Amino acid sequence: MGIFRMNERQRLQLIKQIDSLRKEIEGRLIPLDRISPENPATFISVGGGELGDLAVTASVRNYGGARGGIVSVAFDKYHGFPAQDTADYSEVFDMMDGGRLEEAIKRYVPDPRAPHAIYLEVERIDTQRAYKLGMEEGYRIMSTPYGPLVCMDRHATKLMFDRLGLKMTPWAYASSQKGVEEAAEEFGLPVIVKPVMTSSGHGTSIAKTEKELKESYRHSVEHARGVGDEVIVEKYMPEVKDIGTEVTQIVVRHFNTEGRIVSTCLPPIEHRRPGATYHESWMPATISSTAASKCRDGAMKIADFMGGIGIYAVEQFVIGDEVYNNEVANRPHDTGLVTRWMLNKDEGALQLASTLGMPVSPSQVDFSRQGVYGVAHVVLAPEGIKDGTSVQEFSLRGLHAEIPEGTRWDLWIFGKPNAYAGRRMGLAFAYAPDLEKARKDAEAVAHAAEKRFVYKG
Ligand SMILES: Nc1ncnc2c1ncn2[C@@H]1O[C@H](COP(=O)(O)OP(=O)(O)OP(=O)(O)O)[C@@H](O)[C@H]1O
Ligand SMILES: [Mg+2]
């Protein structure tokens, strides 16, 4: 049970095997050429946060839900999760429990030959059980059953990028303080030390001094949430924040109208993060056309190598015309939530359509708003509140009056019943012909919204 930890040999082995695993998986996939309430397709979102919600609501918004022929199911670990109210069926349990996960999936899809897709929206699930269900029993774990094993493991990801000849920041693997120091010696300070298996910056530290370097390995192991004592050491590039920028290049792998699986790039999404987690993202990106083409090339290579169908989101650092590939998620990405307002089909709708095997056309991933920048900005719960503090209300009083006249804006409140310090509660959006204005406007909407949550206790 739990997240499967590979050793170095197993990681190399897995990357070597992917060519044959991909052929096996893709050989079994068939396009979905009709939706029918009599023989509905089942879409299961394993995890029902805002990313899952975007896909589940698309089943209703775009196809009429169960009455149109798509039955949606969502799982998460707490009651009142965002996708729960829209999904036709929902279950609340710990998705790290492989037995429960398998049982729940099989309850809704007893026969894996029936049309269905299983979207792994969260990372903290039993990845090995998901692999087994996908590879051995024919369940459509999307984008692929082996995807989470590679994407959740920084070392496996780096090995794959190496194999594909992709440019990265200089990196090294280490499993001791001595190993970290050797890497730092080679790259020079500062370095960034990241646990092999965490996300959202848990256990990560930037070492600028010898003293910080001495602390970095211990910090990583202590904060890795019990998933290991291995780290990746990278040369830290301050240029990314100083003169560069960050991009998420999303690729959707899907059936085309001729029934072949192809990869299509979305326009790149640019984002800034003052801290460790997602803060604001926008489209279109302001990077050079040379950089944009390198972003697409890298992301396409990754998606074509990993295979399957569904979304891949590749995180990249861009400095001038240079692109450094950082990591990849085999699913929609939080920075991509801005697609809800900026593309003809948002990343949730694309994930739903592509993973079920429906055809997708390039025009569907084109801009819905032309000639403007659209910025999404997170709406966060305040620092200093206790874990599990419940939300009493969101007050609409004064909200519209506070937004400066002429602001083109929208607000998405996720409806989470509880909060903890810094939890993402919603997303503000604004658009304008000028990027800096749109960023300022989105931030103003976000802050106006944050003030209107009333928390209990
Ligand atoms: N080598 C580096 N040089 C400069 N900045 C870096 C480097 N590595 C990471 N960062 C910064 O830290 C952020 C988080 O890094 P990364 O994505 O590798 O970690 P993570 O824990 O997986 O975070 P998340 O889950 O939010 O993606 C990056 O988006 C970037 O802003
Ligand atoms: Mg990242």
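Reader: Which residues of α2 are buried?

Author: In α2, the buried ones are Glu50, Leu51, Gly52, Asp53, Leu54, Ala55, Val56, Thr57, Ala58, Ser59 and Tyr63. Buried means under 20% relative accessible area, exposed over 50%, and partly exposed in between (1.4 Å probe, protein chains only). That makes α2 mostly covered, with 11 of its 14 residues buried. Keep in mind that this is a predicted model: local features need pLDDT of at least 70, side-chain atom pairs count only at pLDDT 80 or more, and totals for chains, interfaces and linings use all residues. Residues are numbered from 1 along each chain as its sequence is written, and side-chain values use heavy atoms, with hydrogens and water left out.

Reader: Where does α2 bend?

Author: A bend at a residue is the angle between axes fitted to the seven residues ending there and the seven starting there. Here, α2 bends by about 25 degrees at threonine 57.

Reader: How many disulfides does the structure hold?

Author: A disulfide is a pair of cysteine sulfur atoms within 2.5 Å. The structure holds 0 of them. Take cysteine 151: its nearest cysteine sulfur, that of cysteine 265, is 16 Å away. For cysteine 295, the nearest cysteine sulfur is also that of cysteine 265, 9.4 Å away.

Reader: Is cysteine 295 buried or exposed?

Author: Cysteine 295 is buried, with a relative accessible area of 0%. Cysteine 151 is buried too, at 9%.

How values were computed: Chains are lettered from A and ligands numbered from 1 in the order in which they are written. Helices (H or I, at least four residues) and strands (E, at least two) are DSSP runs, numbered from the N terminus.
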